[in-house]
Structure formats: C-alpha cells, structure tokens
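Visitor: I am new to this structure. Could you walk me through the terms used for it?

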Amino acid sequence: RTVYVNGEYVAERDARVSIFDRGFLLADGVYEVSSVLEGKLIDFPGHMGRLKRSAAELEMALPWDEKALLTIHRELIRRNALAEGMVYLQLTRGSAGDRDFGYPDTDTPPTLVLFTQAKSLVDSRSGSEGIRVVTQPDWRWARRDIKTVQLLYPAMAKMAAKAAGADDAWMVEDGMVTEGASNNAWMLTHDGTLVTRELSHAILPGITRAVVLEIAEALSLRVEERAFSVEEAQSAKECFVTSASSFVTPVIAIDDVSIGDGCPGEVARRLRAAYIEESR
Ligand code: PDD
C-alpha cells in the first residue's frame with residue numbers, strides 16, 4: 001500500500017512518525033473515515049467540514065484546505081487502485097520532542113497521515129442480514145461530538161459485544177441510548193416515526209446521519225430527533241445504525257431481544273438502498 005505522511009506518498013513500510021508524537025502518547029488527535037464507492041469519495045465535504053470543526057474545538061492547526069485534502073484522498077485512491085473501501089485520515093498535534101501535557105508552540109507542525117483500506121461496503125453481510133447489538137454503559141468522555149482518536153473504550157465495548165456473541169455495542173447513559181460504538185443509532189416507532197438522538201456533546205454528529213435525515217425527508221418519512229431508551233428501541237418496529245463504513249445497517253436484536261420479526265426492517269432496507277443510490 002502507498003500511504004501519505006506529512007506531505008509524502010510512501011510505501012507503508014517506509015512511513016515514519018515520531019514516538020514523541022502527541023497522537024501516540026496522549027491520543028491528542030482527530031480523524032475522519034470517508035468511504036469510496038466505484039473509486040469515488042462519498043460525502044467528502046461533510047467529512048472535511050467535521051474535521052475542521054474537530055480541530056478547531058481542540059485548537060489544533062489544520063494547515064491544509066479542503067481542496068488540498070481532496071487531492072491527497074484522490075491520489076491515494078488512484079495509487080492504490082481502490083474501487084470500494086475507506087480512506088482514513090488522522091491529524092495529530094505533532095510534538096516538540098519529550099512528553100509534556102501542555103500544548104507545544106502553535107508553530108509546531110501537526111502530523112497528517114492518510115491510508116486506504118479496501119472493504120466490501122455495498123454487498124456486506126451485515127448490510128443484508130442485519131447485526132445483533134448488546135448495550136454497554138457509555139463510559140467515554142463528555143465531548144463525543146469531537147472525533148478524537150481516543151477509541152479505547154469503544155474498542156472495549158466492541159470486544160464485550162463479540163464475547164457476548166453479538167456484532168456491535170450500543171452505548172447507554174441514564175437508561176437512554178447515546179449512539180453505537182462507531183455509528184449513530186436509530187429506531188422506527190410502530191406509528192412510522194424515525195427517531196435518532198438530537199445532536200449535543202453526547203454523540204458524534206454523523207455525516208451519514210445527516211444525509212439519511214435528508215433522504216428520510218425526501219421520502220416524506222416523519223422524523224423526531226430525540227433520545228430514546230433501550231426498552232423503547234427493543235419494542236420498536238425497526239432499528240438500524242448509520243456510519244460511513246456501514247451506510248445504513250439493520251439492527252435485528254438488542255441484548256438478545258429481537259426487533260420486530262427479527263429480520264431487517266423494510267424502512268431500513270429502503271433507506272440503505274436510497275443512500276447507496278445517491279452515493280453512486
Ligand atoms: N465511525 N458515532 C461514532 C461514535 C462514530 O465513531 C461514527 C463513525 C459515527 C458515524 O459517523 P459518520 O456517519 O460520519 O461515519 C457515529 C467511523 C466510521 C469509524 O470510527 O470507523
């Protein structure tokens with residue numbers, strides 16, 4: 001694979017980042033995952049808009065504009081002949097050498113790393129068959145709206161889900177679902193209203209979430225942005241998750257309670273098809 005590190009395209013075995021990099025020592029970094037379908041980027045301006053916001057919230061320099069970042073993404077897709085999969089981008093605060101909690105001087109160059117990862121997105125098994133999730137307490141920090149690389153707790157939650165024989169975890173705080181470990185959570189009520197949690201510091205503002213909200217509106221579906229409980233989701237007509245790497249993926253069970261008839265829901269399937277159609 002050819003990867004990108006600080007202005008250079010290099011073979012992955014030649015890529016180098018300092019051991020003093022704050023991303024490595026302190027998880028002082030932000031990231032984005034953009035999907036690629038038929039060699040083309042999906043929802044790119046949305047992802048770069050969020051990257052800019054994440055960096056700004058952490059007072060982190062981002063000395064690349066959207067055009068420069070698009071060029072790097074496209075160049076990596078070309079060099080790796082990526083037809084379907086993801087481009088991962090990570091920006092960290094760099095380092096002035098030594099370990100220090102305080103931010104280095106603002107002229108310290110940040111570290112920008114990008115790489116591609118091939119993956120079947122359209123014809124995925126979870127997309128067609130749905131996933132089973134288990135709930136986990138949301139023990140992440142309180143600024144989940146910033147897409148930082150502090151992913152240890154989501155990794156633990158996913159491992160706990162696997163250990164329980166499920167595919168993924170839903171995070172719960174005060175009895176209410178915040179979001180999935182790496183996706184936004186949705187449900188459809190029996191009267192046909194789509195529900196997903198409102199934006200706040202509690203969840204990541206998903207780019208796919210925003211696009212699916214637009215699609216739902218275009219399909220004249222009723223939508224409510226509000227928190228919902230685990231019990232409400234378990235007794236809902238349908239549940240699903242959204243993210244760049246999973247598009248719209250049906251959830252067929254929560255903590256071993258089947259959702260609806262235990263099969264992927266009709267509305268989730270329609271939204272998935274519409275999202276893929278619009279992204280092509
Ligand atoms: N995860 N919520 C969390 C906690 C996430 O990590 C993600 C994305 C989302 C969905 O956001 P978007 O629709 O913009 O992908 C929601 C990415 C895909 C990841 O970490 O791999």
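Predicted model: local features only at pLDDT ≥ 70, side-chain atom pairs only at ≥ 80, totals over all residues.

Visitor: What makes domain 1 and domain 2 of the protein chain?
Guide: Domain bounds come from an automatic or database domain assignment. Here that assignment gives domain 1 (2-118) and domain 2 (125-279). Their centres, taken over C-alpha atoms, are 26 Å apart.

Visitor: How many residues of domain 1 are in contact with domain 2?
Guide: Contact requires C-beta atoms, placed from the backbone, within 7 Å of each other. By that test, 20 residues of domain 1 are in contact with 13 residues of domain 2. On the domain 1 side, strand 3 (29-37), helix 2 (44-57) and strand 5 (85-92) each give two or more residues. Strand 3 has the largest share, eight residues. Helices (H or I, at least four residues) and strands (E, at least two) are DSSP runs, numbered from the N terminus.

Visitor: What classes make up that side of domain 1?
Guide: Eight residues are nonpolar, eight polar and four charged. Nonpolar means Ala, Val, Leu, Ile, Met, Phe, Trp, Tyr, Cys and Pro; charged means Asp, Glu, Lys and Arg; the others, Gly among them, are polar.

Visitor: Why is strand 14 called largely enclosed?
Guide: A residue is buried if 20 or more other C-beta atoms lie within 10 Å of its own, exposed if 12 or fewer, and partly exposed in between; C-beta atoms are placed from the backbone. Seven of the eight residues of strand 14 are buried, so the rest of the structure largely encloses this strand.

Visitor: What makes a nonpolar core?
Guide: Such a core is a set of buried Ala, Val, Leu, Ile, Met, Phe, Trp, Tyr and Cys residues joined through C-beta atoms within 7 Å. The largest one has 37 residues, and Val-133, Ala-169 and Val-251 are among those with the most contacts inside it. Strand 14 (residues 247-254) gives the largest share, five residues. Another core of 15 residues lies apart from it, including Met-48 and Leu-91.

Visitor: How do you know that strand 14 pairs with strand 7?
Guide: Two strands pair if DSSP finds at least two bridges between them. Strand 7 (residues 131-137) and strand 14 have three bridges, in the parallel sense. They therefore meet the definition. Ile-131 stands opposite Val-251 in strand 14.

Visitor: Which strand pairs with strand 14 over five bridges?
Guide: Strand 13 does, in the antiparallel sense. A hairpin through three residues joins strand 13 to strand 14. Strand 15 (residues 257-258) also runs antiparallel to strand 14, with two bridges.

Visitor: Why is one side of strand 2 and of strand 4 left without a neighbour in the sheet?
Guide: Six strands form an open sheet in the order 2-1-6-5-3-4, with antiparallel pairing. Strand 2 (8-11) and strand 4 (40-41) stand at the edges, each with a single partner strand, so one side of each has no neighbour in the sheet.

Visitor: What surrounds the ligand?
Guide: Near means a C-beta atom, placed from the backbone, within 6 Å. The shell holds 14 residues, and Leu-204, Gly-206, Ile-207, Thr-208 and Ala-244 are the closest. Helix 6 gives the largest share, three residues. By class, four are nonpolar, eight polar and two charged.

Key. Residues numbered from 1 in each chain as written. Contact = placed C-beta atoms within 7 Å.
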